[in-house]
Amino acid sequence: MVIIAVRKSPWHVIWVPYVPGVVAAICIRFNCPKFIRRREFLCGTDKGWLSLRRGTAQLSCLKGIPPLLKWACSGWRGPEYDHDSRRHRSTFPTSTSAPASYSISTSKPIDPNVWGLANGKENGPSAVLPLRVAARDLGPDRGRGLIALSDVAPGEILLSVPLTRVFTSQPDSELHWSAEMAVRLLRAKHLSAQQHQKQHEGALQYSDDEGIQAPKVLDDLAGPEVMGEAGWGPWIAALPSAVRTPLEYDEEEVRQLGCPYVMEEIQVMQQCVRDCYEVLQPELEGVGCGWQEFLWAVQIFHSRCFFEPSSALHMCVPGVDLANHSPQPNAAVRLQHSPGACQGYHALAEVAEPPPPEPSRFNLVAGEAGIRCGEEVTISYGRWPSEAFLLLFGFVPTTGTSVAAVGGGDDSTGPSAGAKSNINGSSCFDANATAGGSAGAGASISADVVAVAGAISPGDSLTVFRDAEEAVHWCLAATMASRRPRVGQQGPGFYEQDDVEKITEAIVRTVVEAAPEDSLVNLTVTLDGVDGRLQGVLELVSRHLDVGPGDLLRSRLQERLGDFTGVKGIYRDEAIKLFVQSKRALARLVLTQL
Ligand SMILES: C[S@@+](CC[C@H](N)C(=O)[O-])C[C@H]1O[C@@H](n2cnc3c(N)ncnc32)[C@H](O)[C@@H]1O
């Protein structure tokens, strides 16, 4: 696992390159200039492809997607060209151990016709494109996804999309990136519909005139490099008709999230998109679009874009954008740059005739364990707190483990108080060191803890304080509240409000001076332990207040847990439920460690 600290950055997801040096890190981020809040996440990505998932039962075929995949991979000569894959394929043992419930338990290639794949057709002048993947409807939880049509060898390219067919943000736009892309998408949709209409009318007109050949309509495979904005039609036609992220949540749904930080984030995001709409409204009306279409288009980009850090561009990659997320993916993406863009190309050109430069391509590549026929092809969107997944993609990833032990919808049940074991053998829970607590390092993981951990979204973290200043204020206020003297008595260690403010200011100054380079925002706990910056702040405060940092953390976590246990009513969205369950389970689990 590679861990990367992303500092002073808004939502920012990073994939570490599968083969270092071949591809730049690919990221996804939500980055709105109007409301950038400095946030700090520890994030990482699994470099390995640990376990593979089998295909889902009852997969239905999708009209419109096969032509999309072919269109997206324009100019690619296909997997057979890139690899001698038969050699690799023979390395798979015959799968006889697959559970009977799996719909596909054979490594025999699936007949593309049965699966509705328009296969073996030409893609370019003479090339045959026998794709190894097809899109399938995987049900309401995941939407569509990509399924392997045959066993795929490690490292084999599954889809290869030229950058000319990648819908990319404009670097110098003054608008928020997704709003700028949305308005272009809607214009392209309008133009491609007009183009389609013209072609249809032309064909009708000529079919009336017997003996006269219909005018040659543009090839179905033509793209934006030939047709300009109207050329995005095949991709746009395959986009989902609805995407639901928190941009569409109403007040009640936002409230159900329970977490004040996330609630605020969503409100700011919603306002930002409304502001962008106001600016763009005249242009949007010009292409027959209103608020609903704009909101759809913005959410399309939030949920489907890669972020390429070296160019700072957001990229929506037709075909690859059908790959769903898994914390244990079996594939990854790579940017493959053209020889013309590589060092040495021009030097070569001086001494010999170099091959014509190929466009750079965005590849979907099988992981190092390969992929079995019938398995879903997944990539990792990154290892992120559940709010990042929720805000951008509208879903919260799970491990699939039962959540019964953390109470599910019933907030009264929690993990057994005896579950004092250390998560993953980590000994990071040292906040209690001066408070005399037991971290239980090295203890085995009890069934309760495993069940609780199962509800926690992989990579989740719990924001304990927004920033150091809030932490200091809270610690002082909570400590003074507990020491408030009775009338007529002198409480030990109790300060009056004026003094509290002075002490708070002094502590904040000390904290900032102690870590001038550090961004002291988004102080969290995770399954790996207490954020070191949070630990530092708590220790500084505790010295002034004569109270253990572990005690301060414990009572703050109790309060945060209360945010997630107070949610009433039936969850209106599965993602909200999973978000609340994950945060609640994490808070409880950390509390058992203190
Ligand atoms: C890049 S798209 C993937 C293709 C998408 N399923 C479709 O039908 O077009 C990302 C969206 O797919 C869905 N998705 C991806 N991975 C998922 C997962 N592990 N669980 C649930 N939904 C997922 C979410 O709706 C997300 O916003």
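## Confidence

In this predicted model, confidence in the chain is highest in helix H9 (residues 291-304), at a mean pLDDT of 98, and lowest in strand S4 (residues 39-45), at 24. Here pLDDT is the predictor's confidence in each residue, from 0 to 100; helices (H or I, at least four residues) and strands (E, at least two) are DSSP runs, numbered from the N terminus. The chain has an average pLDDT of 73, with 63% of the residues scoring at least 70. For the complex, the predictor gives a pTM of 0.75 and an ipTM of 1.00.

Residues 211-218 stay under 50 in pLDDT, and the model has 10 contacts for them beyond four places in sequence. For residues 401-445, also under 50, there are 97 such contacts. A contact requires C-beta atoms, placed from the backbone, within 7 Å. Where pLDDT is low, the predicted coordinates should not be read in detail.

## Ligand shell

The ligand is surrounded by 16 residues, the closest being Gly143, Arg144, Ser303, Asn324 and Phe393; the criterion is a C-beta atom, placed from the backbone, within 6 Å. Strand S7 (144-148), H9 and strand S12 (324-325) each give two or more residues to this shell.

## Gln194

Gln194 lies in helix H4 (residues 177-208). Gln194 counts as exposed because it has 12 C-beta neighbours inside 10 Å (exposed: 12 or fewer; buried: 20 or more; partly exposed in between). Its C-alpha atom is 8.3 Å from that of Ala230, 36 residues apart along the chain.

## Conventions

Residues are numbered from 1 along each chain as its sequence is written. Local features need pLDDT of at least 70 and side-chain atom pairs 80 or more, whereas totals for chains, interfaces and linings use all residues.

Conventions:
Contact = placed C-beta atoms within 7 Å.
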